[in-house]
Every structure is written in C-alpha cells, then in structure tokens.
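Welcome! Take a moment to look over the structure below, and then let us walk through it together.

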Amino acid sequence: MGRMTELPTKGGFSFDLCTRNDMLLKNGLQMPPFRKTGTTIVGLVFQDGVVLGADTRATEGPIVADKNCEKIHFMAPNIYCCGAGTAADTEAVTDMVSSQLQLHRYATGRESRVVTALTLLKSHLFSYQGHVSAALVLGGFDVTGPHLHTVYPHGSTDTLPFATMGSGSLAAMSVFESKYREGLTREEGIELVAEAICAGIFNDLGSGSNVDVCVITEGKTEYLRNYQLPNPRTYISSKGYTFVKGQTEVLSTKITSIQPKVEAVEGGDAMEE
Amino acid sequence: MDLDLSAPHSTGTTIIGVTYNGGVVLGADSRTSTGMYVANRASDKITELTDNVYVCRSGSAADTQVISDYVRYFLHQHTIQLGQPATVKVAANLVRLLSYQNKNMLQAGVIVGGWDKYEGGQIYSVPLGGTILRQPFSIGGSGSSYLYGFFDQAWKEDMTHEEAEQLVVKAASLAMARDGASGGVVRTVTINAEGVTRKFYGGDTLPLWHDELEPTNSLLDLLSSSVPEPMST
C-alpha cells in the first residue's frame, strides 16, 4: 500500500475526538459543564443614542463561577457589545472583532461603524455554523447615527429599537414590551434597562448579582460598571475570614521521601546531523 | 414547555410575489422564530439586491441573509461591468447558483422579484433544492400551505397595482391567521418602471378572519362584557 500524500490542513474544528467522547460517556464519565453566561443582556435606542445593559453572573452548570463578571465588551470607543452563551466564545469573538476594527481604523483613518462590527461578527459566526455559541447585542453611535443589532450563533442578525438576549431574555422583554416607547430620555432609558435586567436577575436562575449599564451617545461613552447592586451580601461573620497559621489542629504527620531513579550511561552514539 | 432558545433562527414565514400590469408586488409577514419564541416580531424579510430587484426570504435566517449579501455584492460588480442595471433573471440566477451548489448545507427558500426594461415585471421562485422557476405569481414559507387554494381562486392575469396589492395583503393576513410561525405585520414592496415603493400594514389595518378577536390591551376586558345569547333551534 503506497503512502498517502499529505493533504493541506483545512481550517475549522476537528471532530475526531467525538467518538472517543461518546465512548467515555457510555462508560459513565460525567462531562464537565461549560462555563456559560446564563445571562440577561439588553439594549435599547433612546433619543440621543443607545443604552446597553447586562447582569453579572457566570455559571458552570448549577454553580455560579463568577458573581461579578463583565458581559459588556469593548469593540471600539463608540461601540460596545453584550455577550450571552459560552463565555469563552463571546470573549474570543468580541476580542477578535475589536482588534480587526482597530486595524481597520488605522487603514481607513475613520471612526468605526456599527455595521462593520456587525458584518465581521456575522461572517465569523456563520462560517462556524452555530458551533461558536455567542449570542450578542451590539450597540453603538457612529457618523450615521445610533444603531442596535442582535447577532445569533448561526450568523443571522436583526436590527431593532430594543432587544434582549440570553436565558433571561423573556423576563427582560416583558418589561420592554410594556414600557418602551420612542424618544426616551437618557434617564428614562437607563431606568428601563436597569428594570429589564433586574427582571432577569430575579426571575431567571441563570442570571443574577449586579446590573452593568453602558450609555453610548455622540462623541461620548459611559461604562457604568455595577450601576445597581441589588444582591448585597447580607451576612458577614464577626470572626472575620482570615485563617491564621496554627488555627488548624494537626492530627498526625507522615513524611515520604521521593527515590530518584536516574542511570548515567557512559559513551553512547555520537549525535548525527 | 421547552422554548428551545438555542434553536437556529428560522423565518417561519409567509412570502408572496405577484406580477401585475406594469411591475411586481412582493409581500411578507414579519415573524422570526427560534423554536417557540418569537425572536423578532417586526423583521423585514424583503431585502434589496439592487435598485430594481428585491428578494423575499424564508427558511434559515442566517442562510438567507448570507446569500442575499453575496448576491448583492456580485450584482454590484456585475452592474459596474455591464454599464447598466442588472436584469431580474441574472439576479435570480445568482441566487439559484448559490442555493443549488450548496444545497447540502443551506435551508433557504426565496422569491426573487423585480422590474427591468427588457421583460418588465418578473417573479422567479427559488425553493429549497435550488430549482429556478419563473411564474406569474409565487408563494413560499410555512404559511403558503394555506394559500394554494386561495390563489387558485383569486388570481387573475393583468391586475392593476391596487388589485395586486390588496390580493397580497389579504393573502398574507389569511396565512398569518392560520400559521403559528407567521405573524406580526405585513410589509409589501412594489417595483415598477417608476421605482420602488415600500408599504407597511400594521395590526389594526389588517382584516380579521373567522373567530379572530379584535386586538385589545387586555383579554380580561372580555370577561366583563355581557354573556352571549344561548343558541336556540
């Protein structure tokens, strides 16, 4: 049998280990859960720009992995993006597009436009056919005005005056559908966003902790990290939480030394080129 | 009840394209669903390819958006190279080539409609496998199942613009009443020698059919209204 010629490596994922994983699952192995941003993320357009909002809980299955993570990612000074889905995917894809946008700014000499970010995100996600699990709310203010878009893992996009994504999206959308109207002021917009995120925090198990808000208007962006903290820690131990050396009782001690196994060989073959 | 928010976006949809004497009228509903959740209740499924050719999209939202973007790009180049507006046939053919050559990976059923100076108003249907078929009128999407009989009866050659528009709006609202995956508002686009006109038909402007309720702010209002007369033989 002749040797197969080397095929050039194709890009994309390699699914070779899937059969091995299936075998392991059949033998009773528990797959470790992904860290997901369970999440409630929202965005709305108001009279002077856009307001984005997000909760701050990151989950690994039923466990809260991070109580105060940042889900509103920087894309450009005038464009921010909230991310729901697999945390690694949202981080990676927003970082990547943010870098691409910066290179584009250097090449064109102009401020980035939201539609540019949108096209870069949607073409990347479409080419991975939904396997990059990133659901995003992209918002910004550029020369053409305020823009708000949602991007789905399969690569489709929607352009809307108000949007919600993530496991808490239904709770947040109910708030928006009742109270949103065109021409909101800045204060009203922030209040409505905070209310929608709180609806997700309190009614969705995958969302929780604090409310982050980001307001983008012409020439100015305000990232209001932890705008609301509706879940403060209510019990604090009076004994404190530092554990001084000597506080733990030692019951027994056993020392085992490691036996080194090294054999030195004299001579041997000279290295050949 | 599992809403399945991770299901790919599909335009459940009702899409319609009809020719009339002078051009075409394209119509669509506005519902985009992920599983059982309505992700966008006011989406625009009629997308521009060139000044004189538009496409109604149904099937996977991602697939049809990407196809439209590619075809818009190719047609732009083609128009520059040709030196005059692209014909509807060329636009429809480009859509068909992408759809047919990638049939294993795509889920896209579209209706391409437009006007050019050679053939006037034309409608081309490009359903799931990548067939291309020129028709005097075409229907597509999950809601179209409810419209075959309606069009057999109501369609006629050489309608005026008003008749064609009313036909499209009536058909779309009938399908939206019966198909769960279609709903929202009706959008129409008219393309003729003069150019392109977009129209929007919101909830209260659409006719109500058998057993449909008046849109209200609260269904609790109905409880306080009087009890209807019992039936008598």
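## Reading the model

Two strands count as paired if DSSP finds at least two bridges between them. Helices (H or I, at least four residues) and strands (E, at least two) are themselves DSSP runs, numbered from the N terminus.

This is a predicted model, in which local features need pLDDT of at least 70 and side-chain atom pairs count only at pLDDT 80 or more, while totals for chains, interfaces and linings use all residues. Residues are numbered from 1 along each chain as its sequence is written, chains are lettered from A and ligands numbered from 1 in the order in which they are written, and side-chain values use heavy atoms, leaving out hydrogens and water.

## The sheet of chain A

Chain A holds an open sheet of 5 strands with antiparallel pairing, in the order E11-E2-E3-E12-E13. At its edges are E11 and strand E13 (220–228), each of which pairs on one side only. Neighbouring strands are turned by 10° against each other on average, direction ignored; axes are lines fitted to C-alpha atoms, for helices over the stretch in contact, and angles run from 0 to 180 degrees between N-to-C directions.

Strand E12 (residues 211–217) of chain A joins E13(A) through 6 antiparallel bridges. Within E13(A), Leu224(A) is the residue opposite Val213(A). H4(A) lies across strand E2 (41–46) and E11 of chain A, and runs at about 165° to E11(A).

## The sheet of chain B

In chain B there is an open sheet of 5 strands, again antiparallel, ordered E11-E2-E3-E12-E13. Strand E11 (137–140) and strand E13 (195–201) of chain B each have a single partner strand, so one side of each is left without a neighbour in the sheet.

Strand E3 (residues 23–28) and strand E12 (residues 186–192) of chain B pair in the antiparallel sense over 6 bridges. Leu26(B) has Val189(B) in E12(B) as its bridge partner.

## Where the chains meet

How many residues does each chain bring to the contact? Chain A gives 17 residues and chain B gives 17 residues, with contact meaning heavy atoms within 4.5 Å. The area buried between them is about 1300 Å², with 55% from carbon and sulfur atoms; buried area is the accessible area (1.4 Å probe) that two parts lose on being put together, summed over both. In chain A, Phe126(A), His154(A) and Leu170(A) lose the most area to chain B.

There are 2 salt bridges between the chains, a salt bridge being a side-chain nitrogen of Lys or Arg within 4 Å of a carboxyl oxygen of Asp or Glu. One of them joins Lys122(A) and Asp69(B) (3.6 Å, N to O).
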